[in-house]
Amino acid sequence: MNMLTARHLSKVVSSAEGELSILHGLSLDLARGDSLAIVGRSGSGKSTLLGLLAGLDLPTSGDVTLAGHALSQLSEDQRARVRAEHVGFVFQSFQLLDSLNALENVMLPLELDGRRDARERAREILERVGLGQRLSHSPRQLSGGEQQRVAIARAFAAEPSVLFADEPTGNLDAETGERISDLLFELNQERGATLVLVTHDERLAQRCQRLIHLEGGRLLDAEHA
């Protein structure tokens with residue numbers, strides 16, 4: 001069974017100039033543990049595609065099946081439940097809560113999911129990403145690379161089936177970005193999570209098993225490692 005399947009995805013939105021087509025009939029299949037980079041110029045539809053694959057938005061036409069769930073057939077609450085059970089997110093902006101320390105930021109989604117081992121699990125994964133000595137530090141006390149490591153720990157703590165990362169190295173210098181890339185792929189391999197990246201970083205994209213180029217919302221070409 002594929003972990004993620006998209007069939008003939010199209011997305012049309014209304015604008016002041018009329019209807020605007022953002023994606024046109026895009027299809028793909030990803031198995032468990034696969035890694036995919038989505039690349040293209042700004043406005044090519046990359047983030048829209050990521051949102052559709054993750055069930056954050058619905059296509060105008062076409063279907064997405066995530067971990068065996070046909071997302072278009074689910075209510076918003078049901079899609080949220082699928083995301084909570086199967087999906088992790090890493091963003092360019094980290095999206096950590098300033099009022100919580102590193103440990104609490106990682107614990108939060110686990111506690112919301114009712115995990116009794118939330119503290120133990122959060123501590124374990126933070127140690128795995130090299131932040132065992134920074135558990136009580138707030139995001140303001142951490143460097144950009146350390147904040148992104150907290151975000152990655154938070155994403156992997158719930159053992160997602162699929163990890164979506166939107167420009168995960170975009171706010172980092174080259175050396176820190178390389179370390180974050182290493183960490184993403186190490187955890188991808190260790191945990192067997194399917195990894196889907198949107199990135200402008202060509203080096204990061206080339207590390208994925210598969211690479212697709214979008215242009216004007218259309219699949220320009222695809223490469224396999």
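Is Glu124 buried, partly exposed or exposed? Glu124 is partly exposed, with a relative accessible area of 42%. Buried here means under 20% relative accessible area, exposed means over 50%, and partly exposed lies in between (1.4 Å probe, protein chains only).

This is a predicted model, in which local features need pLDDT of at least 70 and side-chain atom pairs count only at pLDDT 80 or more, while totals for chains, interfaces and linings use all residues. Residues are numbered from 1 along each chain as its sequence is written, and side-chain values use heavy atoms, with hydrogens and water left out.

**Salt bridges**

The structure holds 15 salt bridges. A salt bridge is a side-chain nitrogen of Lys or Arg within 4 Å of a carboxyl oxygen of Asp or Glu.

| Asp29 | Arg7 | 2.9 Å |

Asp29 forms a salt bridge with Arg7. Asp29 lies in strand 2 (residues 18-30) and Arg7 in strand 1 (residues 4-15), so the pair ties together parts 22 residues apart in sequence. Helices (H or I, at least four residues) and strands (E, at least two) are DSSP runs, numbered from the N terminus. Asp29 is partly exposed at 27% relative accessible area. Arg7 is partly exposed too, at 34%.

An α-helix has 3.6 residues a turn, so residues three or four places apart point the same way. Arg121 is buried, with a relative accessible area of 5%.

Arg128 is partly exposed at 28% relative accessibility, and Glu190 is partly exposed at 47%. Salt bridges with shared partners also join Glu178, Asp182, Arg203 and Arg207 into one network.

**Helix 5**

Helix 5 (residues 144-157) has 14 residues. From first C-alpha to last, helix 5 reaches 20 Å, close to the expected 20 Å. That expected span is 1.5 Å times one less than the number of residues. Of the 14 residues, 12 are buried, so helix 5 is largely enclosed by the rest of the structure. Among the buried residues are Glu146, Val150, Arg154 and Phe156. Their cover includes strand 6 (87-91), helix 3 (102-112), helix 4, strand 7 (162-166) and helix 6. Just after helix 5, Glu159 takes a positive phi of about 55°.

**Helix 3**

The buried residues of helix 3 are Ala102, Leu103, Asn105, Val106, Met107 and Leu110. Helix 4 and helix 5 are included in what covers them. Asn101 caps the N-terminal end of helix 3, with a side-chain oxygen 3.1 Å from the backbone nitrogen of Leu103. Gly114 follows helix 3 and has a positive phi, near 80°.

Ala102 has a relative accessibility of 2% and counts as buried. Not counting residues up to four places away in sequence, Ala102 touches Leu126, Arg134, Leu135, His137, Leu142 and Val150. Contact means heavy atoms within 4.5 Å. The C-alpha atoms of Ala102 and Arg154 are separated by 9.3 Å, though the residues are 52 apart along the chain.

Technical notes
Polar contact = N/O pair within 3.5 Å; in protein donor to acceptor, adjacent residues only side chain to side chain.
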